[in-house]
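Here are my notes on the model you sent. Please read them with the structure open.

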Amino acid sequence: QDATTTPAPPASNHTTVLILGGGMAGIIAARTLHEQGIDDFVILEAKIELGGRMIPKAFGITGRQVVVEMGPNWIQGTQQGNGPANPIWELALKHNLTTVYSDLYGSITTYDFNGYNNYTDTLNDAVDTFAQATVVAGQRLHDGEVDMSLKSAYGIMGVSPRTPQEDACDYYQIDFSPSQTSWLASAWNNNFTYDPEAGGYSDDNYMSIDPRGFVYIAQAEAAEFLQSDQVIFNQTAKYIQYTEEAITVTTTDGMTISADHILCTFSAGVLQNTDVVFEPALPDWKIEAINSIEMATYTKIFLQFNETFWFPTEMGLYADKQRGRYPVWQSLDHVGFFPGSGVIFVTVTGDWSLYVEQLSTKEIQAEVMEVLRAMYPNTTIPDPVDIHVPTWASNSLYRGSYSNWGPSFVPAHSDNLRATVDDRLWFAGEATSLKYFGFLQGAYLEGQSVGTSLAACIQGKGSCQLPHTSAARNAQPYSSSLTSA
Ligand SMILES: Cc1cc2nc3c(=O)[nH]c(=O)nc-3n(C[C@H](O)[C@H](O)[C@H](O)COP(=O)(O)OP(=O)(O)OC[C@H]3O[C@@H](n4cnc5c(N)ncnc54)[C@H](O)[C@@H]3O)c2cc1C
């Protein structure tokens, strides 16, 4: 099939399972169905290729281009000893992805608005404070008390960042990963990924520097089982009409496909918007769950210069008087990554991402250059030769970067996010993962888990229902609600 043209409708416009979205969750769900002997499925994807938020881009001027990642770049958590392995790490090994160990905390230079200023001790303190806060908050839940924001946990501990340098460290530890401010991030809810003792993988991060793009592992995996008539590209689902008997999906181009089951893998951000319309509307418990999870935004602003003038470390942290103003810098012109490329990028998150998305590239460049010149007051810095700014929040296929567990999102919401509606409408994606939300492994494991349940349902070997809770009560520790991935 030519993926760049509008495809003809499939020979039969009915399928047993219609998988909406060809990201990591959709691909792994399809693979799981195939492994279980079910091949009557179709993936419907709005883009012209598989991989979802895994989006590589050849960046830079002619002759000096390198492949950078707009979306995920790191395998976050690998494997400790003989413990459980991150399935993304396993995919990377299987498909020979080129990766490099990334030292986010050990290889960092700190700056403020007066230039270089070594406040790495403050950064180490911020790391310790965060770890203590999750312990304090976790204990409260075991004692039956309410969940709270990190800000509240810090307040109880008597910690309150006051200086721009403390704010920058707080930002690096909190906002840079969940992409929200500490007002929003739930204090007790620490993703399992980096905690092998709690069933996670390891605290290592490996960065993809593969010229085929990080997405290669998803596409290579799909190529092993997916037939061309099992995927429809370039079609955007608009209406999902469901009854107890069947489901029909109509695309913006008017293509109609009916199915016995639908697996919806859109991001939480897409579900929170009206880009896709469910008829009838989803039940209240589902709508509550969808809208209770945060959809964070994380924006990397890529710059290429003719020459490097910046830090020799992997990372640079900038403390502005305004918290969150172009704070986290990462050098790709680094010995392990792309030496000689002249590429550096700065990451903004949350409200700064939304702010940046409504600026022109020229305006963004002017603001970013102002910060670089503050970091290097004694250096003459030329304008970049190339700049690229991805937009996630305003993109109707994502509506943000990844989900974040805020204090008002409780485990019952997580169950309800992944629960089936009317035994036919299934949900999977990074956001439905209780343990690994936000990460690729969350999407992978949810695709696998729901694919397994779907197969059992279709083959009459298991229930067609992933149960929901009719009313979400207060937060509980993970252990009392953990039933699945
Ligand atoms: C900037 C950024 C940085 C990140 N960094 C990391 C990282 O370093 N490590 C990590 O593990 N994770 C990272 N993530 C998160 C990771 O990308 C996600 O967890 C994962 O890709 C989600 O996969 P998914 O299958 O759940 O969803 P998606 O990848 O979003 O797949 C859903 C698919 O549905 C399609 N779609 C949407 N609407 C429609 C429609 N109406 N009709 C048809 N198709 C539609 C989309 O095009 C998409 O292909 C990052 C994400 C971003 C954006």
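1. Two residues are in contact if their C-beta atoms, placed from the backbone, lie within 7 Å. Of the contacts in the chain with a separation of 6 or more, 75% are between residues 24 or more positions apart.

2. The model is predicted: local features need pLDDT of at least 70, side-chain atom pairs count only at pLDDT 80 or more, and totals for chains, interfaces and linings use all residues. Numbering starts from 1 along each chain as its sequence is written.

3. A compact globule of 485 residues would have a radius of gyration near 23 Å, and the chain agrees, at 23 Å (taken over C-alpha atoms; the rule is 2.2 Å times the number of residues to the power 0.38). The C-alpha trace spans about 70 × 60 × 45 Å along its principal axes. Buried residues make up 50% of the 485 (20 or more other C-beta atoms within 10 Å of the residue's own, with C-beta atoms placed from the backbone).

4. There are 13 helices and 22 strands in the chain. These are DSSP runs numbered from the N terminus: helices are H or I of at least four residues, strands E of at least two.

5. Seven strands form an open sheet with mixed pairing, in the order β8-β7-β17-β18-β19-β16-β20. The edge strands are β8 (115–116) and β20 (386–388); each has a single partner strand, so one side of each lacks a neighbour in the sheet. Pairing requires at least two DSSP bridges between two strands.

6. Within this sheet, β17 (residues 315–319) pairs with β18 (residues 328–331) in the antiparallel sense, over three bridges. Met 315 is opposite Gln 330 in β18.

Definitions and conventions:
A residue is buried if 20 or more other C-beta atoms lie within 10 Å of its own, exposed if 12 or fewer, and partly exposed in between; C-beta atoms are placed from the backbone.
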